Structure formats: C-alpha cells, structure tokens
Amino acid sequence: MSSRSAEGASQDGPEPELLNYRKERKKKSKWLSREASVHALTRAGRRALQAGRNQEALASFQKAFLLASEAPCTRDAPVLRACAFNLGAAYVETGDPARGLELLLQAQPEEKAQARCHGDQCFNVALAYHALGDLLKALDWYHKALAHYQPQGDQGETQAHIAACHQALGQPEQAAHCLQKASQAHVQAGQPWAAALALAAAAGCMLRSGQHEASEVVQVLEESRRLAERSSERRLRGRLYNDLGLGYSQLQLFPLAVEAFLQALPLCQQPEEQATVLRNLGMAHNALGNYQEAQGLHQKAADLHGSVGQRWEQGRSFGSLAFALSQLGDHKAARDNYLHALQAARDTGDMKGQWQACEGLGAAAARLGQYDQALKYYQEALTHCQKEPDTVRERLVAKLADAMRTHLTQSHTSSGRREDEEFEDNYQEKEDQGLEIIPVTSRSWTPEGPGPRAHLLSEGPEPPRVKYPEILVPTSLQANR
C-alpha cells in the first residue's frame, strides 16, 4: 500500500524539493547568462573607449549596469560596484562629471580589493571634481590615489594632475615641484617620453614662479631634451623641441632657442605646426638681429598659416615680417605688411594685434615722411590699447606728441628718424616676448591627460587608460601671445 502511495504521489507530480531545485537551477542559469552578457558589454565598452568611440562605450556600460542591477544584491554586489565604477568613468569621459561622480562615489571597492583598484576609484573621483572645477576636493582625492599607487606605476600621471590643479590655483611653484616628481616616477616606470614632457612643463612653471635662477631652469630643459632623445616617440619630439625653444627664449638664450626650433622644424609634419615653429624661429632671429634670415621665415609662416585658414596667426606673422623689413630699411614693404597685419587683426577681433599693427604703421609713416598718417595710426593704436599696461599707453602718447610736433614744424628728417628709432626699440622688446607656445597634442601633464580608468570585472588584463582630449598639455603646438 505504501508502494502504491509512493507511485500515486509520483503520478500526481514532482516532489517539492525537486521543483525548488529546478527553479534555483533555472535562476542560476539565467543569471550566469546575464553575467556573461555583463562581461561582454564591459569588454565592448572598454574597446570602444580605447578607440575613442565614447558614446558607444557609454551605451555599453549603461546596458551592463542595468543588467547587473537586476541581479540579487547579496550575490552580485561586487559586479554591480564594478559596473557603477565603469559607467561613472564613462560619464566623466563623455563630459557629464556630475552624474559620473555620483556613480563613482557609490562604487567603493571592497576592502580586500587590490590597492590599484582603490587608487583608480580615487583617481576617477578626483577627475570628476577636477572637471567640475572643485580643485581643492580634486587635490584631496588625487592624494588619496597616490597613497594606493606604486611609485613605478601610476604616481607619475597622478602627480601631473596634481600639478595641473596647482597651476589652475595660481601656484606655479607647487606645480613645478609636482611635475618634477612626476618626471621621476615616469623614469622609474621606464617612460622617458612622459618624463621629458613633465620636465618641459616644469620648466615653464619655474619660469612663471620667478623663484628660480636661469641656470636651474636650463638644467631642467636640458634634462628634458636628453629624456626625449632616449624615447622612441620621434614623431612627437618636434612639439617638445618647440616648447624647449620657448623656454630658452624666455630666458633670453636665443642661440639655444634657435637650435631647439631648428630641431623641431623637420619633425613637425602638419602645416599649422610648421608655420608656428617657423614664426617662433623667425622671432628668435629678430631678437638676435638676423633680420634677413627672419624675413624669409616670417614670410613662409604667413603663407602656411593662410593656407590652413589660421587668420589670427597669419596676422601676427605679417606683423613680425613687417618689423624685420623695417629693420632692413624697406619701410614701404614694412608698411604694406603692417596693413596686412591690421586687416587680419580686424577680421579676427584681435585687439592687441590691432594696436600693435597701428603702432607699426605710425612708425613706418613717420619714416616715410607721412606725419599726418603717423598721427592717424598712433591715435587708432591708443583707442585699441585701453586694457594694456600704463607703460604701453604712455609710450604711444609720447609718440603721438612727437609726431604732432614734427608735423607742425615740418622737421621731417630729424624727427622722423628719432620717431622710428624709438618705435623700433620698443617693438624689439615685444618681439622678444612674443614667441608662440604652440600647444602639444602629445600625451602630457594636463588635467586632460589620462582619463578615467575602467575595470573589467576581475577578468582580463589591466584596466584601460582612457585618454581625455587633453586639457593642460594644450591640444596643438602653442604660442605666447
């Protein structure tokens, strides 16, 4: 009878334990499939980030996060945290740091996680605060990240971002110190190119701080050059050599500047980069009194800037060309090129370029005996230089008064010569300080340097280094304005 009962029970349906087992097995199978999808989406997001397809990466990380959110929280909290981490990093990368920050703060790694994981979380939070303009909080989180990173690992990049914050806070001396630490960390990590870039940036900060002897800055510039020559990044060296030339120029070491610009020139392939290096080289030759050499360089720079539609830069090249021509005694050609410079400045709303061109036109007119034109241009220069230092306005007022006296007395020869010489002395000083800091698109120390770090949910290789479009190493060759 008992056997019939068992048989009857079997006919009535499966035992409750068997039903529960099948249900659990089905749920587990469903989650394993979902977990595999989460991993696949994460890998796809990582690949998209590495390829610069940020919106595609964001979509993949969003899907992964939604799938992970549907899992039982007790089983899959680490996966959900990793997905929140990646999605937060992607939001920061795609220009939404506020949403990114919220997710990143939720994604605190487990205590047993590797120090690198904690460091990356702190680094990403710092990037978000940095993008939001909260520099003090960004500094706090960058320092937290440093505590988790190995010296030969990620400390160089983190120190560079700390330097960017200090520079934005108007603290160039602290920035220089951090950049030198960044360079040391990059050397330890076997990254001579990154070390060279950090030192070149450190030299610029040292110059801005005004707290260093010229010999100290030269030492840093020379070490940057040596590191660059050890690097295999030959394609990017031209941009670095241009920056080194700018450093030497600021130190008034124009022969060394010329040498650096000449090294940069054959390594710059893009017309706009070649044009900027040519203009910098021409200005260095102006400062050395090599006006014949400078004339040809400025003409080539103006032509190249014009060919790629860089009207602002073309106008500045015309101004430098006009100055060289005036020093060679060709005042009619100087006047014509100052007119080109003035038109370009008007086209681009360049107020400084306008008053500089008008000042040059006033001097050229005086040299040619056209004192009524000199008065006109000096008056126009005065109207455009209201935001300049008092010394600029005082100089222009003095020139205007001298031209007016000369015009009234018709003492063309003597006054004209004195007028032009005074202008040329003043303009020489501006030439010395007017070299271009052409921003560098190579990877460097700016806050837009390495972007957020994404994670692969404890499988696969090291977390990828997503690069921002570059914010503190500028995004093209750079020029002092």
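1. The largest nonpolar core of this predicted model has 66 residues, and Tyr142, Leu179, Leu221, Leu240, Leu244 and Phe261 have the most contacts inside it. A nonpolar core here is a set of buried Ala, Val, Leu, Ile, Met, Phe, Trp, Tyr and Cys residues joined through side-chain atoms within 4.5 Å. Helix H10 (residues 192–209) supplies the largest share of this core, 12 residues. A second, separate core of 31 residues includes Ala334, Ala363, Ala381 and Ala403. In soluble globular proteins, nonpolar side chains tend to be buried together.

2. On the basis of the values: this is a predicted model, in which local features need pLDDT of at least 70 and side-chain atom pairs count only at pLDDT 80 or more, while totals for chains, interfaces and linings use all residues. Residues are numbered from 1 along each chain as its sequence is written, and side-chain values use heavy atoms, with hydrogens and water left out.

3. The protein chain comprises 21 helices and 2 strands; helices (H or I, at least four residues) and strands (E, at least two) are DSSP runs, numbered from the N terminus. Of its 481 residues, 52% count as buried, where buried means under 20% relative accessible area, exposed over 50%, and partly exposed in between (1.4 Å probe, protein chains only). Among contacts with a separation of 6 or more, 63% join residues 24 or more positions apart; contact means heavy atoms within 4.5 Å.

4. Leu221 touches Ala203, Leu244, Gly247, Tyr248 and Leu251, leaving aside residues up to four places away in sequence.

5. The axes of helix H7 (residues 135–148) and helix H8 (residues 155–168) come within 10 Å and cross at roughly 160°. Axes are lines fitted to C-alpha atoms, for helices over the stretch in contact, and angles run from 0 to 180 degrees between N-to-C directions. H7 is therefore roughly antiparallel to H8, a term for angles over 145 degrees. Residues of H7 that meet H8 include Leu135, Tyr142 and Leu146, and their counterparts in H8 include Gln155, Ile162 and Cys165.

6. The structure holds 0 disulfides, a disulfide being a pair of cysteine sulfur atoms within 2.5 Å. The sulfur of Cys165 lies 9.4 Å from the closest cysteine sulfur, in Cys178, which is too far for a bond. Cys165 is buried at 0% relative accessibility, and Cys385 is buried at 0% relative accessibility.

7. Gln252 has a positive phi of about 65° although it is not a glycine. Gln252 is found in the loop between helix H12 (234–250) and helix H13 (254–264), and is partly exposed, with a relative accessible area of 45%.

Definitions and conventions: Parallel < 35°, antiparallel > 145°, perpendicular 65-115°, else oblique.
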